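The sequence and structure come first.

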Amino acid sequence: MPIVKFEKQNWETGLNKLRRAYRLCGPVEDKGFHYFKDLGEAELPDFGCLNTRLSAKGIVYPQSEDMFEYSLDETLDDHHVMKDVQKDYSPRIVLGIRPCDAKAVKLVKLNFDTADYKDPYWLRAWEATTFVGLACDNPCSACFCTTAGCGPYHEEGLDVLLVDNDDHYMARVLTEKGIRFIETAGWDTTGVDGASLIEERRAAAEAKIVSHVSTDRLRGADTMTLHAAGIWEDISFSCINCGTCTFVCPTCWCFDIQDEVHGKQGKRTRNWDSCMFPIFTVHTTGHNPRGSQLQRVRQRFMHKLKYFVDKYDQGIMCVGCGRCVSQCPVNIDIRRVCELMNDLPAPDACAAQE
Amino acid sequence: MSEYTESIREIAKRLLETCSVEMIIGFRKGTVPMMNEPHVIRNARDTGDLVWDSNCGINLANYLTDRKENIGILAKGCDSRNIVTHILENKIKREQLVIIGVPCKGMIDKRKITRMFNGEILEVLEDNGQILIRGNGFDTRLDKADVLQENCALCTHRNPVIYDELAAELVGEQEDIDRYEDVRKLEAMTTEEKWAYFDDLLKECIRCYACKNACPLCYCPTCFVDESKPQWVGKSQDAIDIRTFHFLRAFHCAGRCTDCGACQRACPVGINMRVFTKKLEKDCLDLFDWEAGMSLESRPPLDVYRPDDPDKFIK
């Protein structure tokens, strides 16, 4: 795919042209931290941000999303009929998404876009969105993307990868959507020779990643051995069962569906859910198959680092963004857990020793 | 306070070796700057994992609820007051506990420090009342007094109120502290101003419930936010439901909150929900001359009747 180049002095002009055809979304700062939001008239994305506090997951998959609305008023002909909620699926651009968050969108798609089930809300929002990534030249110390199947210049899930280069951006255009983005902005679409520069910059950025995980033995590990391992009490002791790790995670996809009725007007909404919450698995009988904190913590790490690995054969369900590491209120660290799980001997090895 | 670590390890080792307790609840060194992890030690040979410094702000009383073991637990002033509250509320028995008191000089505010620098902070150390901060493009010292968590800066009970062992000499208590300046400002607001203030305060809430789950007072088997029959509160990002959660949670803490700050510290988006609990704390002080968790001898104001109750409706 071609590499194009445009001057930063043309950035704002280009964005203003894009605003006529797209909704723009990007990172902005508030009270010292960054988050993604729809950009207002003349509002610019803040590319000085290391990374946003919450991931970009919510752009395609909002924390609360109305699906249907209905009326319980029996004087109306269409009472008790579920109707689609009208939503804006017009073209949209996410500016400055980090490669980790973009790769995560691709992993989340495995859940929302399968041969059997196609989630209409997630897919329509995803199809409407152009992902314009910003390569990561200053990864954080808690980032471990290069050993989590990703990297600061990773391209999966992106339509364009922007590389900040002094007074201009180099843009690696990766898809048709990406070409339309450059064209609509009015930037020069002539290909330039930037491959070696981007390659050098990629190597330099990857060398700055100081944090790593080992995942090579997870796929071969015996599931029940991992499940029954003695590591979980130590790992789970401090967990307070909040949803921070799952809500800040770009790859956690679980949701809960709720009906809410006010007077005679109702709506059906889906909200992010968290396997850390005790109520997540409560049956209607009252029985909870994951009633203990240890079981819930084990579930989260087994899903990300074992069940997902086995089911999809696409690596771990983690892109190494480091958000759960830096935001867990009690410092439970997935890097440490991953090492513990990866280091457990396979049952064959135990048998061989006997 | 890092100088406490050695003495804490010695006490923990002795308690485990003499079988005085089955486990020690303390902290181990964190994997990121300004964080330590609540940790349990069951074997005397592991006591070297225990640490103490100005990043032990999580309230360890939270880890005692309904435990059956004999437990050694580290307790700074606020933890000890929540241990008292736990004992009064029958969530743990006094005789199960060996309380290792930790006279506290305050915890540092990781969010405040993070905001002070443009680049990422890579290492934070402490040295005799100073905090050493190294990061991308800076290497500096700050006075710890300037970067304390707000609740610690306003703390008047740094020493444990109940203990069996002491990790260090008791420290002087802070005097002439005006604990309620923020509450008075809030009380002086008009209804509209309060509404706007709460709106801004809570707008970033993601309903992860880290605040209530880090709180030692929140131990209900099923929290009201999780009840479904009836469902007291909606589960979406609706602003009214978010307010309902925070207001109700705060009221459940009335007369019990010690302003340990674990809720605000735990919040991933840094909401100061302590303004709610502090208002109730001030009310309890004004109406009942009550400070939570100070003694095993007196019952909390909301579970006793007194003939001199200031409210008329109850007489």
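In chain B, strand 1 and strand 2 (residues 36-41) run antiparallel and are paired over 6 bridges. The model is predicted.

- Within the pairing with strand 2 of chain B, I24(B) has I41(B) as its bridge partner.
- Strand 1 of chain B and strand 2 of chain B make a hairpin with 6 residues between them. In that turn, M34(B) has a positive phi of about 65°.
- Strand 1 of chain B also pairs with strand 3 (residues 71-75) of chain B, in the parallel sense and over 3 bridges. In strand 3 of chain B, I71(B) is the bridge partner of M23(B).

- Strand 5 (residues 121-127) and strand 6 (residues 130-135) of chain B run antiparallel and are joined by 6 bridges. E126(B) has I131(B) in strand 6 of chain B as its bridge partner.
- The hairpin of strand 5 and strand 6 of chain B has 2 residues between the strands. N128(B), in the turn, has a positive phi of about 50°.
- Strand 6 of chain B is joined by 6 bridges to strand 7 (residues 138-143) of chain B, and these two run antiparallel. T140(B) in strand 7 of chain B stands opposite I133(B).
- Strand 6 and strand 7 of chain B form a hairpin with 2 residues between the strands, where G137(B) takes a positive phi near 90°.

**Chain B as a whole**

- Chain B has 10 helices and 8 strands.
- The radius of gyration of chain B is 20 Å, which agrees with the value near 20 Å for a compact globule because the chain has 315 residues.
- The C-alpha trace of chain B spans about 55 × 50 × 45 Å along its principal axes.
- Of the 315 residues of chain B, 43% count as buried.
- Among contacts in chain B with a separation of 6 or more, 66% are between residues 24 or more positions apart.

**Interface between chains A and B**

- The contact involves 31 residues of chain A and 29 residues of chain B.
- On the chain A side, the elements that give two or more residues are helix 9 (244-248), strand 10 (255-262), strand 11 (265-272) and helix 11 (323-327) of chain A.
- By class, that side of chain A has 12 nonpolar, 14 polar and 5 charged residues.

Key:
Residues numbered from 1 in each chain as written. Chains lettered and ligands numbered in written order. Predicted model: local features only at pLDDT ≥ 70, side-chain atom pairs only at ≥ 80, totals over all residues. Contact = placed C-beta atoms within 7 Å. Helix = DSSP H or I, 4+ residues; strand = E, 2+ residues; numbered from the N terminus. Nonpolar A, V, L, I, M, F, W, Y, C, P; charged D, E, K, R; others polar. Rg over C-alpha atoms; globule rule 2.2 N^0.38 Å. Buried ≥ 20, exposed ≤ 12 C-beta atoms within 10 Å, placed from the backbone. Pairing = 2+ DSSP bridges.
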